[in-house]
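Student: I would like to go through this structure with you. Can we take it one question at a time?

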Amino acid sequence: MPMSAHAVKTSETAAVPRQKLYLTRGTGAYRRASLALFLSGFSTFSLLYCVQPLLPVFSREFSVSPAESSLSLSLSTGFLAVAIVCAAAVSEGLGRRTLMSISLVGAAVLTIATAFAPNWHLLLVIRALQGLVLGGVPAVAMAYLAEEVDPRGLGATMGLYVGGTAFGGMSGRVLTGIFAEYFSWRPALFLIGAIGLAAAIGFIGLLPPSRNFLRRPGLDPRFHARAWLGHLRNPALPFIFAIAFLAMGSFVTIYNYAGFRLVAPPYGLNQTELGLIFTVYLFGIGAASIGGLLGDRIGHFPVLLFGLALTAAGSALTLFAPLPSIILGITVLTTGFFMSHSIASGLVGKLALGNKGHASSIYMLAYYVGSSLIGSAGGWFFAVEGWTAVVFFTLAMLALAFMSACVAQHFARRKA
């Protein structure tokens, strides 16, 4: 029910309220939380993926192979995956809002530091540290939404957050490409870090304190182990986690190595042109929000299956040589992926029985491990057999994701 202007505010240190006080549409707190979570998604993903259009530049600048240059992204996502598990546990004692704030500020500062890295190995160390710091945002943001937002509108709100991640991913890639074309890659990363810092400050000023969060002082390993194992015993959730691993890995693989294909003959795109292709992320923003709304209205699994099929169709379209076909394929891939991700992440909150932060952390662990492992493995396929091998590799991963969604739907129906 909407909170009145005279409602008593509760903080993360307060006792559990007798009746949960959800954020509902039409209230000022809901609007502030929505904008704050949008900014957190924007900042996280712009800082994380800003190096992706620079992979060909790194390959030339530091004399490394395409697969080695992808480590600047894969190390960040790999360490992020590990950090997410720890962040979920830390947030139980520190608080969701506090941990997200520290993470966003720290990641922005480290991005600025990357601009001054004197050699390849130090750049990789800073990017790995950035992944560790960013772990405090994704899983915790999903847990905050699952706890604080009225369940009847959770799909739409989760779609807005995922839309923020899509906008951040697009902005980080596009702006970095443009800045690198005109100022070189070091000023480009400095400017992206400064934008991320401004977004972090906005997040801190906007996000309302948690109302339904129960602080658990100290770190109890047995409590966290039981919580994680409990979610893995849920018959449907492991298959949702598998979707995160497979779909995200396929998506990142296409984006990682499309740049190498498009800067080479016969396309010969420059950094600005390559960066502008990432404006197709705008379709991801719309797809995430629309997917969440459709999931609330017609059912989450049908929309999830459609999104995965759309992702596979987009990947297949990039096999055609004309540049418009490649751009169309990336557009369709992006639309399908973000639709799938918004639905799958919302299903985690719906299917988890308690300890939703732990369930979200496993989902995001799978999400970023997929990005790191499958994204790097795609470099081997690209080096050995070229773009065709990359596409068939991603199609195999997406077929497994589709089957996982079918199995998860079966178990969810049995449980219902």
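**Surface patch and buried sites**

Tutor: This is a predicted model.

Student: Which residues form the nonpolar patch, and what is their accessible area together?

Tutor: The members are Phe-79, Leu-122, Val-125, Leu-129 and Leu-132. Taken together, their accessible area is about 390 Å².

Student: Is Leu-122 buried, exposed or partly exposed?

Tutor: Leu-122 sits in helix H6. Its relative accessible area is 35%. Buried means under 20% and exposed means over 50%. Leu-122 falls in between, so the class is partly exposed.

Student: How many disulfides does the count give?

Tutor: A pair of cysteine sulfur atoms must lie within 2.5 Å to be a disulfide. By this rule the count is zero.

Student: Which class does Cys-50 fall in, buried or exposed?

Tutor: The relative accessibility of Cys-50 is 0%. The limit for buried is under 20%. Cys-50 is therefore buried.

Student: And what is the class of Cys-406?

Tutor: Cys-406 has a relative accessible area of 33%. That value lies between the 20% and 50% limits, so Cys-406 is partly exposed.

Student: Where is Gln-52 found, and is Gln-52 buried or exposed?

Tutor: Gln-52 is in the loop between helix H1 (28-49) and helix H2 (55-61). Its relative accessible area is 2%. Under 20% counts as buried, so Gln-52 is buried.

Student: With which side chain does the side chain of Gln-52 make a polar contact?

Tutor: Leave aside neighbours within four places in sequence. Gln-52 is then in contact with Leu-73, Arg-173, Val-252, Tyr-255 and Asn-256. The polar contact between side chains, at 2.6 Å, is with Asn-256.

Student: What separates the C-alpha atoms of Leu-398 and Thr-311?

Tutor: Leu-398 belongs to helix H17, residues 387-415, and is buried at 3% relative accessible area. Beyond neighbours within four places in sequence, its contacts are Ala-247, Ser-250, Thr-311 and Ala-312. Leu-398 and Thr-311 are 87 residues apart along the chain, and their C-alpha atoms are separated by 7.8 Å.

Student: What is the C-alpha separation of Leu-145 and Gly-346?

Tutor: Leu-145 lies in helix H7, residues 138-148. Leu-145 counts as buried, with 3% relative accessibility. Leu-145 and Gly-346 are 201 residues apart along the chain, and their C-alpha separation is 9.6 Å.

Conventions:
Residues numbered from 1 in each chain as written. Predicted model: local features only at pLDDT ≥ 70, side-chain atom pairs only at ≥ 80, totals over all residues. Heavy atoms only, no water. Patch = residues over 30% accessible without salt bridge, like charges linked within 9 Å, V, L, I, M, F, W, Y side chains within 5 Å. Areas by Shrake-Rupley, 256 points an atom, 1.4 Å probe, with all protein chains shown as cover. Salt bridge = Lys/Arg side-chain N within 4 Å of Asp/Glu carboxyl O. Helix = DSSP H or I, 4+ residues; strand = E, 2+ residues; numbered from the N terminus. Buried < 20%, exposed > 50% of the residue type's maximum accessible area, 1.4 Å probe, protein only. Polar contact = N/O pair within 3.5 Å; in protein donor to acceptor, adjacent residues only side chain to side chain. Contact = heavy atoms within 4.5 Å.
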